[in-house]
Amino acid sequence: MVKPQKSKDQILKEVVELTLRLTSQGKKITRFEIGEPNFPASHRVIRGLTETLRKEKVVGYGPAAGLPELRKALAAELSAEHNTRIEPDQILITPGGRFATFAAITSFVSSSERVLIPQPAWPAYEECVDFIKGRVIHFNTRLDDGWEMDLGRLETQLRKGVRLIVLNCPNNPTGKVMSKKKFVEIVDLAQQYESMILSDEVYDKYVHAKSPSILESEGENFVYVNSFSKQFSLTGWRIAYLVTTKEKALRIRRVIQTLITCVPEFIQRAALVAIKSGRTEAQRNINSIMKKVELTCRELSRIDVSFYKPEGTFYVFPKANKPNFDSARFAKLLLEQYHVSISPGEAFGNYPAFFRLAVSLPAGQITGAIRAIGKATDAWS
Ligand SMILES: Cc1ncc(COP(=O)(O)O)c(C=O)c1O
């Protein structure tokens, strides 16, 4: 019998499960596999949540699109940040960026329609497309090309008909931030071939210089996704937002209404506090995480791997300079023998020689763990 292929999410889950098993046995694991910031939620934000519960006593159903005050505040903030005009009616509040991604895909892609996903990629895009029985077009990019998308190849695919293109800039797992010029060229091509763009910008605060945004492009055939998860270290709170045209927002709103009614009001009130008075504190924490990326790169340059120096995110995606490297097997060995947890490259596409490090860790742990990775790759055969 042919073994069913593991989903990419499953590859990541297995690493986390083994990590937790070893931790429960008392092993001290350096966890490079967790894609979450490690700073605590701000006291102000927590107060925003508890105050709502204390004052309101009863928290009832709310509008499916989200709390009007939160959408208004986001519209003002995004308009100023991107020098454009975003109306609150263009914004929907969702329980996480993953849900926003799914809601957008299920609203606009029919079964067997083609969705182009540049690789390597966050595995959830493919899971969403598989779920609705769409057709994933894996669009490979390479470390040797600086993870650039080739426009000629892209146009060849678009000519065949692509319903939706996923863009994720800054990128998980490579840390690549596209140039504005390249971003605009891709958006223009998509428009020319009437492909929609899903622009996932959840790491847009993890940058040294502003990253390009779909909100600064002409055209209406897009959905922008952002999330409070990485911006404010609120991953478990499940709150995010998307921006699109008013008409498209009405269509996506049906998904929220049908599946969850609304995001809980106290979470939305806390998110409102976050954007009104939590930005400075959060950005300080983000900047400190980004220094860890620099430390990680310095340490990686001392071991036998090749890598792209990220311009954004808190990920680095090195490649072991070994023939026949199998990063899933390597991840297991590294965990069991060296107590270091990483995400195998296969979770992000056909990249078995690569692995992803999420470096939201105390600096003290990073140096030793990368040396361990160096030893383990040297011993690899
Ligand atoms: C590229 C990317 N987009 C979106 C998300 C979604 O985050 P959340 O569902 O917590 O908002 C993640 C989470 O890891 C991600 O890496």
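Trp-147, Phe-317, Phe-348, Tyr-351 and Phe-354 form one aromatic cluster. The model is predicted: local features need pLDDT of at least 70, side-chain atom pairs count only at pLDDT 80 or more, and totals for chains, interfaces and linings use all residues. Residues are numbered from 1 along each chain as its sequence is written, and side-chain values use heavy atoms, with hydrogens and water left out.

**Aromatic rings**

- The whole structure holds 20 aromatic pairs (rings of Phe, Tyr and Trp, the last by its six-membered ring, with centres within 6.5 Å; planes under 30 degrees apart are stacked, over 60 edge-to-face, the rest tilted).
- One of these pairs is Phe-317 with Tyr-351, edge-to-face at 6.2 Å centre to centre and 65° between the planes.
- This pair links distant parts of the chain, 34 residues apart: Phe-317 is in the loop between β10 (315–316) and β11 (319–320), and Tyr-351 in the loop between β13 (343–344) and β14 (355–358). Strands are DSSP runs of E, at least two residues, numbered from the N terminus.
- Phe-317 and Tyr-351 are both buried (under 20% relative accessible area, 1.4 Å probe, protein chains only).

**Domains**

- An automatic or database domain assignment gives domain 1 (8–40 + 280–378) and domain 2 (57–277).
- Their C-alpha centres lie 26 Å apart.
- Contact (heavy atoms within 4.5 Å) joins 31 residues of domain 1 to 32 residues of domain 2.

**Salt bridges**

- Two salt bridges cross the interface of domain 1 and domain 2 (a side-chain nitrogen of Lys or Arg within 4 Å of a carboxyl oxygen of Asp or Glu).
- Arg-98 and Asp-9 meet in a salt bridge through their side chains, at 3.2 Å from N to O.

Conventions
Helix = DSSP H or I, 4+ residues; strand = E, 2+ residues; numbered from the N terminus. Buried < 20%, exposed > 50% of the residue type's maximum accessible area, 1.4 Å probe, protein only.
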